[in-house]
Amino acid sequence: MKSSLRQGIVAGLLVGCCSGVTGCGGSAKPDPAGAKKGSSSITAKEETSEKNMLTVQREPFGQTANHEEVTLYGLHNQSGMKVNLIDFGAIITSVEVPDRDGKLANVTLSFPDCAGYLENGPYFGGACGRYANRIAGGKFSLDGTEYQLFLNNGPNTLHGGKTGFMKKLWAAEPFEGDKQVGVKFTYVSPDGEENYPGSLKTVITYTLTNDNELRIDYVATTDKPTVLNLTNHAYWNLAGAGSGLIVDHELTLNCSKFLPVDETGIPTGEQAPVEGTCMDFLKPHKIGERIDQPVNGSGGYDHCYVVDGKVGELRPAAKIVEPKSGRVMEILTTEPGIQFYTGNFLEGNAKTGNAPKHGAFCLETQHFPDSPNRPEFPTTRLNPGETYTQTTVHKFSVAK
Ligand code: GLA
């Protein structure tokens with residue numbers, strides 16, 4: 001990072017400046033003039049130790065196809081963690097976490113530059129919406145009207161369709177607190193975008209705490225009845241992104257049931273007990289132990305699990321331990337489901353961040369796939385006057 005730029009940015013934050021949030025989709029406008037204000041404050045801050053400061057730093061990351069500026073926000077906490085986010089797609093581009101010796105490594109898959117994120121790809125780190133995961137036939141009905149969505153995954157729609165939330169520029173508002181720092185991203189999806197009804201305002205707030213928690217809060221409102229399902233699609237390899245396969249990671253899922261799927265990844269409607277099957281992670285198992293066994297798992301695991309406990313309450317869903325580095329990630333969520341995907345479509349080439357098949361895993365907290373067509377699943381309908389909320393926490397630590 002260029003020091004002068006960083007100084008300007010942190011200074012901007014110190015004087016309460018942020019990039020322009022207009023409440024309108026695709027209208028994020030960083031405020032470089034504002035960011036220069038108060039550079040004397042930052043000089044003072046820079047003269048003290050930079051290493052252990054809670055800061056948000058900002059730098060240019062590239063441009064969209066329409067030549068809009070894309071900005072990277074670097075969150076630093078006082079416990080040695082760093083998280084980079086960009087306003088294009090509200091994407092997490094890196095998560096640096098210490099191992100048991102204090103050595104930092106980026107544990108999430110990423111592209112080296114903006115161009116990688118502009119193309120359609122494997123959804124690295126981004127916000128999936130309006131509907132994360134699949135809707136059968138890309139079709140659903142609401143109050144007697146049928147909506148046909150774009151089919152981008154065989155016969156189905158996946159992760160928002162042709163141009164989902166990951167391909168939008170979000171308005172960004174960084175913030176600093178006493179024990180946490182973060183960025184609030186806002187995007188207003190116009191009525192009819194990707195054929196979904198209603199103008200949908202979505203706010204996603206990423207917060208990095210001094211306890212090494214990366215918290216993601218989602219809030220959405222609509223002006224017409226609609227459906228939505230939001231998640232983040234980060235790919236994890238706790239030994240370090242690009243360090244090999246994730247087969248030795250030990251996974252625990254607090255999920256007594258999962259959703260069997262057909263050969264196109266659509267739930268059959270059954271909520272099947274995991275007990276005694278290759279889907280059972282109630283006690284820790286190495287991810288690779290039974291990875292060749294799941295039915296319709298596209299060459300590994302690619303299934304939504306039903307998180308035990310009360311929907312809407314923040315409760316433990318998953319724990320992953322990487323034995324060599326000692327890195328541990330726990331996931332807590334308010335959501336009913338968690339999609340466990342073992343990077344089965346990663347191809348070891350530049351298009352997939354040079355990660356090989358099973359070179360990373362995803363644990364996407366969300367509502368169940370195809371819920372708009374499954375009245376027996378928790379509803380994904382949102383009405384005007386209601387507020388959709390979701391919270392997911394990724395807590396990092398080390399095993400001794
Ligand atoms: C999801 C799906 C997978 C795959 C990835 C992206 O998590 O469940 O089948 O499409 O996204 O490659």
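How much space lies in the largest cavity? About 60 Å³ of space lies in the largest cavity, where a cavity is a set of points on a 1 Å grid over the protein atoms alone at which a 1.4 Å probe fits but cannot get out, and where a volume is the space filled by probe spheres set on the points, joined across faces, edges and corners.

This is a predicted model, in which local features need pLDDT of at least 70 and side-chain atom pairs count only at pLDDT 80 or more, while totals for chains, interfaces and linings use all residues. Residues are numbered from 1 along each chain as its sequence is written, and side-chain values use heavy atoms, with hydrogens and water left out.

The structure holds 2 cavities of 30 Å³ or more. Lining residues, which have an atom within 4 Å of a point, include Ile216, Tyr218, Trp236 and His394 in the largest cavity. Strands S14 (213-222), S16 (231-232), S25 (362-366) and S27 (388-398) each supply at least two residues of this lining, strands being DSSP runs (E, at least two residues) numbered from the N terminus; the largest share, 3 residues, comes from S25.

The largest pocket has a volume of about 520 Å³, a pocket being an open set of points with protein on both sides within 12 Å along at least five of seven lines. Of the 25 residues that line the largest pocket, the closest to its centre are Gly121, Pro122, Tyr123, Tyr235 and Phe345. The ligand sits in the largest pocket, in the sense that more than half of its atoms lie within 2 Å of the grid points.

Around the ligand is a shell that includes Tyr123, Tyr235, Phe345 and Glu364, each with a heavy atom within 4 Å of the ligand. Glu364 is also among the residues that line the largest cavity.

The protein covers 94% of the 310 Å² of accessible area that the ligand has on its own, with areas from the Shrake-Rupley method and a 1.4 Å probe.

Definitions and conventions: Helix = DSSP H or I, 4+ residues; strand = E, 2+ residues; numbered from the N terminus.
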